[in-house]
Amino acid sequence: MRHWLLPLTLCAALLGACTTNVVNPVTGKEERTVLSEDAEVKEGKQAHQQVLAEYGAYGDARVQAYVNDVGQRLAKQSHRANLQWTFTVLDSPDINAFALPGGYVYVTRGIMAYMESEADLAGVMGHEIGHVTARHGAQRATRQQRAGLGVLAASVLGAVLGVGDVASQLSQGVAAGYIASYSREQELQADKLGAEYLVRNKYDPKNMVDVIEVLKNQERFAADQARAEGKSPKQGADWLSSHPSNDQRLKDITAIAAGYKAQGPFVDDGRARYLQAINGMNFGDSREQGVVRGRNFYHEPLGIALTAPQGWKIQNEAEAISLVSAAGDAGLVVQTVPPKAGTTHEEILRNGLKATQGNVEKRQINGLAATHYSGTRQTAQGQAQPVEATVVTGPENRNYLLLYAGKDAAAVQRAAGQLREAESSFRPLSATDRTAARPWVLRTVALPRGGFAELARRTQLTTNPEQQLRLMNGVYGGGEPQAGQLVKTVE
């Protein structure tokens, strides 16, 4: 999973006693804050460039324009219509949405695959707009300064859902505290504002209920999958502990939506427009990120492929590809080497890995020149640390570092054979690999007479395909659309 929690380091001028009074646009009350509106916009603009560099905008101008149109209509009816709002679809399969201070709102193509209508999408975006209009980022920055943190961090606002994985748990640890610092009251306020902005745009606020149902069904699906694999389901919501559970959120937002019932009639939910907009959108991994297919990883732009040992999993992250052991305590981490680290293998080991003393062995891996190193490296603290890694020159003379990683030396030793097996799978893409590297896409089709069971036999989905199709079509908890009704599938 790619890490959404991107901390923003605020300028030194915001530290110390540099505070001002600002009227909160939502409550109308004056607040003492370290983050004026100008500072919000400045920090959001800077972080926006970081988000785009880290995750990338989805490269379909038609989808971007559609989402921007929905977002701008909501923002014009918000408490901060004066902001220059920016709405972006990120090229990520993760089910998420978030906002930055100053009017920057993001949805992933991953969450769009599970929304059923334009009004559902508006519910997600309305919630994120609410975090910005209520100045939740500024409130948090002010709390952090009062707590004497020294450097203020205003991280991304209001991630809809954060799900950890084996390879990213450690790196999420510190950043997760930022999202966790949002109060239950702030999340409830964002839900209320989302419903209000829906009503102002003549959408039925019950679509906020639909959004929470999507999150609840994601939890149910994950729990059912865990039980099917003989694992214990996670207890409680996957979202961080300081947020209301999805059960509580569903109860609260249902009551909020009911309060707006008299303000109808509402416009149609835009389901047909929405399905047309997402038809042909990438599902799962994209070409630019590389795709995972079972135990195989294919990256067509880089021209490389890898295969994980039996029982291992592949984690495709922004910074690296990790082939992780079944126990989750060891793995092979594959990264591209920046040119500044060196052009020869020796320079890369010396300058990039900081190798100090050990054994160097020239190798060939599937016809590619490689150099294996086993010895010590110098840490940033100047200490010697055991390390084992291989530098490989891949297609187009691009260099890669294959690092043997583990929670300790014993874990690396136990997995030594499988680590070597994983390393030896590094290869240029073959013609067969290139065919397998084709990304999956969402398609809207008429539901066949055999229902989702028949549709599952035609889809590219491989893990519990019928239930996945039900999940992405909003009927995981039961119900059956009529034959001929448009539904989503994956081809």
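The legends below describe close-up views of a predicted model of one protein chain.

**Figure 1. The whole chain in outline.**
The protein chain has 491 residues, and buried residues make up 54% of them. Its secondary structure comes to 16 helices and 19 strands. The mean pLDDT of the chain is 85, and 86% of the residues reach 70 or more.

Where pLDDT is low, the predicted coordinates should not be read in detail.

**Figure 2. An open antiparallel sheet of 7 strands.**
Across the sheet the strands follow the order β10-β11-β12-β16-β15-β14-β13, and their pairing is antiparallel. Which strands form the edges? They are β10, residues 313–316, and β13, residues 355–365, each of which pairs on one side only. From one strand to the next, the twist averages 20 degrees. Strands of a sheet pair through backbone hydrogen bonds, either parallel or antiparallel.

**Figure 3. The pairing of β15 with β16.**
Strand β15 covers residues 384–393 and strand β16 covers residues 399–406. The two run antiparallel and are joined by 5 bridges. Valine 391 has leucine 401 in β16 as its bridge partner. In a regular strand the side chains alternate between the two faces of the sheet.

Histidine 345 lies in helix α11, which spans residues 345–352. Is this histidine buried or exposed? The relative accessible area of histidine 345 is 8%, so the residue is buried, the cut-off being under 20%. The side chain of histidine 345 makes a polar contact of 2.7 Å with the side chain of threonine 393. Leaving aside neighbours within four places in sequence, histidine 345 is in contact with several residues, including Lys362, Val391, Thr393 and Asn399. Ala369, Ala370 and Thr371 are also among these contacts.

**Figure 4. Strand β3 beside strand β5.**
Strand β3, residues 86–90, is mostly covered, with 4 of its 5 residues buried. Strand β5, residues 104–108, runs parallel to β3, and 5 bridges join the two.

**Figure 5. The packing of helices α4 and α8.**
Helix α4 is made of residues 118–133, and helix α8 of residues 206–228. Their axes are 8 Å apart, and the helices pack at an angle of about 85 degrees. This angle falls within the range of 65 to 115 degrees, so α4 and α8 are roughly perpendicular to each other. Which residues of the two helices meet? From α4 they are Ala119, Asp120, Gly123, Val124 and His127. From α8 they are Asn207, Met208, Asp210 and Val211.

**Figure 6. Aspartate 433 in helix α14.**
Aspartate 433 is placed in helix α14, which comprises residues 431–436. Its relative accessibility is 7%, under the 20% cut-off, and therefore aspartate 433 counts as buried. Which residues does aspartate 433 touch, not counting those up to four places away in sequence? They are Tyr298, Ala305, Arg427 and Pro428.

Conventions. Residues are numbered from 1 along each chain as its sequence is written. This is a predicted model: local features need pLDDT of at least 70, side-chain atom pairs count only at pLDDT 80 or more; totals for chains, interfaces and linings use all residues. Side-chain values use heavy atoms; hydrogens and water are left out. pLDDT is the predictor's confidence in each residue, from 0 to 100. Two strands pair if DSSP finds at least two bridges between them. Axes are lines fitted to C-alpha atoms, for helices over the stretch in contact, and angles run from 0 to 180 degrees between N-to-C directions. Buried means under 20% relative accessible area, exposed over 50%, partly exposed in between (1.4 Å probe, protein chains only). A polar contact is a pair of N or O atoms within 3.5 Å; within protein, one must be able to donate a hydrogen and the other to accept it, and residues adjacent in sequence count only if both atoms are side-chain atoms. Contact means heavy atoms within 4.5 Å. Angles under 35 degrees count as roughly parallel, over 145 as roughly antiparallel, 65 to 115 as roughly perpendicular and the rest as oblique.
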